Amino acid sequence: MDIKEARMRLEKLKKEIGFHRHQYHVFDRETISPAALDSLKNELFKLENEFPELITADSPTQRIGGEALAKFKKAPHAHPMISLYDAFSEDDMREWEKRNLNYLSGFPAGYNPGYYCELKLDGLAGSLVYESGQLVRGVTRGDGRVGEDITLNLRTIESIPLSLRRPEKEELKSIGIVGQDVNAFYRLLDDGLIEVRGESIMSKQVFAELNRKYEKEGRQLLANTRNGAAGSLRQLDPKIAAERKLDFYAYDLILGDYERGEIVHSREAADKLVEFLGFRRVKDNRRAASLKEVFAFQKKWEGKKGTLPFFIDGVVVKYNDMRMWPLLGIVGKAPRYMMAYKFSAEQATTKLLEVIWQVGRTGALTPAAILEPVKVGGVTVGRSTLHNLDEIRRLGLMLSDTIIIERAGDVIPKVISVLSNLRTGEEQPIVVPKHCPRCGGDVRREGDDVILRCTNKNCYAVALRRLIHFASRGAADIEGLGERIVEQLVTENLMEDAGDIFGLRKEDLLGLERFAEKKAEKLVEAIAAKKVMPLSRFIYALGISHIGEESANTVAEEISRRLSSKEILPLELYRKAASLGIEDWASLGDVGPVVAESLHTFWNDEDTETLMSKFERHGVILTAVQAASGHLEGKSFVLTGSLSGLTRGEAKDKIKARGGKTKESVSRTLDYLVVGEEPGSKLEEAKKFGVKVIDEQEFIKLLEGK
Ligand SMILES: [Zn+2]
């Protein structure tokens, strides 16, 4: 990227970040996930590092979020309430440690100060000022220098002491405050200023309770616990704030005009001291001797965060020896002596580089996004699914767009949205292929379907996918015939279609790479074991478009019923299936018009006959579906209108349980049309075809066998 491009990108990033921050900090409105916003800020930060001459005072990296709301009185902070730098990886943390060594020359070489790790609560930061031990003021962070005076609201939080507790001398001694420091501390408590900073939060439980209540009352629901806390404290009516039952956890202590590290030397001691003063603190905070221990702490809580009563989004790592803090000082908007080490975010922003089209087993072309590699959900991702054409249109996606992607748990990463404000005008539309990327064959768009399909039946990719599907676990389940082997056998011209599988001989395999005698023998045996196969599995394994396991089952039941023999030869199956019309397929339960057409096309294809004769020649035998037994065996039903005594689903189950079948549409071969209240056009059709029409009472009698 040259400086001109960098400048343009910087300007757009600043504007975009500025917009979302304003919405969030001023209106408590979340227009983008914090993780995606972090990702944008991180890009900005890196660009500014690369081109420092482009850093401006108004850059979001140079200031702390939030402006004081006009409705509250503005209150300046005696000590700036600074923000934190974020680290997203162990490398970021190591760099941080290395950089800091330059500033610690006052300490002997090799001195290891250790760290103090604190859970990073997700709420609203605030400062509480105690004068002579009495709470006099509570202020939000605001822009770091000036915040909003929300004393009245903060006073409603039960875990904030209105006057400080007086710690015992023994307690002070236990955290290393001895000698003159003890007197200095008591003087501040009796006649000075003590400031305690911390996070106001809403617990997960209170959040759930309030939203249940609000839902009942028809009020607007809280978006999340952080907004719950921030929104409550920025209410002008303290009664509303009180109703929200917030908690306050202290994380910082400022003793009058003393520097950090004076009187209280370590962060660990300061954390205990706030408890002695009457505050709540996070008891899971821990000292860490090295970065290695810091990483372990962070990992542990990333895994366990769900068990906490409140939300956390990372760990704040501070130098435990606070005497180092003044030496390290502040740079830009945040101190050097602490770092927010974030949990791996489930969202990130990146660039769409390319869209590729993968050819699936049914010949369908599926788009996938090739991305600028980005870390999300703890792993680096360079590709994500786009599902289909509709998804691309819904997102309004263009090549070179900046996008938000999400990877939650082990789910395949997906594109969430496009940040269209960041476009430069150079973006290109995504071209829908007219030709198959594998074989160059024509690509067909199916109906108003958004599916693209390669029309070349001999397309290598199609054949390969079909074969892999045929042999896979859910289908024919042939042990040892996995993707790699299928690909090898196709490449060696040993297989063209699934029929060839059953003609494989041991001697064909011997001599191939990776095939020793034993392995060849095992594969041939595994294939032979599947020569007798359930019809439903076989039909599913054929990979007919739109035919999943359930519809394969429906088809198998129908063919079994029509052939009424226990074993079916592939050509028998072919002849029976080819004799059925689209309406016959469409009249089967759960078979829609698209599936019916697909079945009809498949069974009326000459290639299908060739394939079936190949199966037959190689001795494949299909076992029929055992007909369900019951007094409605062989009878078919269509339901129309609503029944008073039972739901449609219950009615269908009762029919099936007695050996009957249900269908979706009326045809000549239908046995019964069951008519409820307000029947539709099916009644007319049934009359036209001369189908027997029965009402609910007659239907119940029929079910009971009367
Ligand atoms: Zn193709």
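Biologist: How do I read the packing of two helices, and at what angle do the axes of helix α21 and helix α24 cross?

Modeller: Two packed helices are described by the angle between their axes and the distance between the axes. In this structure the axes of α21 (residues 570–578) and α24 (residues 606–617) come within 7 Å, crossing at roughly 155°. Axes are lines fitted to C-alpha atoms, for helices over the stretch in contact, and angles run from 0 to 180 degrees between N-to-C directions. The two helices, α21 and α24, are therefore roughly antiparallel to each other (angles over 145 degrees; under 35 is roughly parallel, 65 to 115 roughly perpendicular, the rest oblique). Helices (H or I, at least four residues) and strands (E, at least two) are DSSP runs, numbered from the N terminus.

Biologist: What kind of model is this, and how are residues numbered?

Modeller: This is a predicted model, in which local features need pLDDT of at least 70 and side-chain atom pairs count only at pLDDT 80 or more, while totals for chains, interfaces and linings use all residues. Residues are numbered from 1 along each chain as its sequence is written, and side-chain values use heavy atoms, with hydrogens and water left out.

Biologist: Which residues of α21 and α24 make the contact?

Modeller: On α21 they are P570, L571, E572, L573 and Y574, and on α24 they are T608, E609, M612, S613, F615 and E616. Contact means heavy atoms within 4.5 Å.

Biologist: Which residues of helix α15 are buried?

Modeller: An α-helix has 3.6 residues a turn, so residues three or four places apart point the same way. In α15 (residues 483–491) the buried ones are I485, V486, Q488, L489 and V490 (buried is under 20% relative accessible area, exposed over 50%, partly exposed in between; 1.4 Å probe, protein chains only). These buried residues pack against α14, α17 (506–509) and α18 (517–528). After α15 comes N493, which has a positive phi near 60°.

Biologist: How do I read a sheet, and what is the strand order of the open sheet of 4 strands?

Modeller: Two strands pair if DSSP finds at least two bridges between them. The order is β27-β26-β28-β29, and the pairing is parallel. At the edges are β27 (661–662) and β29 (692–695), each pairing on one side only. Helix α26 (residues 682–689) packs on this sheet, where it touches β26, β28 (672–675) and β29, and its direction makes about 150° with that of β28. Strand β26 (residues 636–640) is joined to β27 by 2 bridges; F637 has T662 of β27 as its bridge partner.

Biologist: How do β7 and β8 run, parallel or antiparallel?

Modeller: They run antiparallel, with 8 bridges joining β7 (residues 193–201) to β8.

Biologist: How do I read a record annotation, and which residues does "binding site" cover?

Modeller: UniProt positions are given in the numbering used here, feature names are shortened, and annotations may be inferred rather than shown by experiment. In the unreviewed UniProt entry, "binding site" covers C436, C439, C454 and C459. They span 24 residues in sequence, yet no two of their C-alpha atoms are more than 8.5 Å apart, so they gather at one spot. C454 is found in strand β22 (residues 452–454) and is buried at 8% relative accessible area. C459, in the loop between β22 and α14 (460–471), is buried at 0%. Neighbours up to four places away in sequence aside, C459 is in contact with C436, R438, C439 and C454.

Biologist: Which residue does UniProt list for "active site"?

Modeller: The unreviewed entry lists K120, which is found in strand β3 (residues 115–121). K120 counts as buried at 17% relative accessibility. Beyond four places in sequence, K120 touches several residues, including D313, G314 and K342.

Biologist: How far apart are the C-alpha atoms of K342 and K120?

Modeller: They are separated by 8.5 Å, although the two residues are 222 residues apart along the chain. K342 is found in strand β13 (residues 338–342) and counts as buried at 10% relative accessibility. Among the residues K342 touches beyond four places in sequence are D38, D86 and K120.
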